[in-house]
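Here is a short briefing on salt bridges and a helix pair. Look over the model first, then read on.

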Amino acid sequence: MMTSVDAEVIRALADPLRLRIVALLARETLCTTHLVDETGAKQTNLSNHLRVLREAGVVETEPCGRFTYYRLRPEVLDGLAGAFADLAATARTTLAADTKRSCP
């Protein structure tokens, strides 16, 4: 079953740049400077997207001197994947039972 937390994560991942950031962070922990170099986005725009991802719980931060590093939280994506797997299983059951609500 999809929760409000799942919905927040889906909204956070719906933006193409945020999805790109997540893909980059899946491979390594990066600071804002690295992410600016990799994406070509302006630092202020990138910081806003990272804030959305952080507030949704998708990434966590690690201060390192004057830099902030960002790390993906894979358990959040695992939870979302599980919610989608549950939806798919429900849809398969519904299709197999050929259930449909009649119109009034």
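The side chains of Arg 73 and Glu 75 form a salt bridge at 3.0 Å, N to O. Salt bridge here means a side-chain nitrogen of Lys or Arg within 4 Å of a carboxyl oxygen of Asp or Glu. This is a predicted model: local features need pLDDT of at least 70, side-chain atom pairs count only at pLDDT 80 or more, and totals for chains, interfaces and linings use all residues. Residues are numbered from 1 along each chain as its sequence is written, and side-chain values use heavy atoms, with hydrogens and water left out.

- Salt bridges with shared partners link Glu 60, Glu 62, Arg 71, Arg 73 and Glu 75 into one network.
- Glu 60 pairs with Arg 73, with the closest N and O atoms 3.9 Å apart.
- Glu 60 sits in strand E2 and Arg 73 in the loop between strand E3 and helix H5, so the pair ties together parts 13 residues apart in sequence. Helices (H or I, at least four residues) and strands (E, at least two) are DSSP runs, numbered from the N terminus.
- Glu 75 is partly exposed, at 44% relative accessible area. Partly exposed lies between buried (under 20%) and exposed (over 50%), using a 1.4 Å probe and protein chains only.
- Arg 73 is partly exposed too, at 25%.

**Within helix H4**
- Glu 55 and Arg 51 meet in a salt bridge (3.5 Å, N to O).
- Both lie in H4, four residues apart, about one turn of the helix.
- Glu 55 is exposed at 52%, whereas Arg 51 is partly exposed at 34%.

**Total**
- The structure holds five salt bridges.
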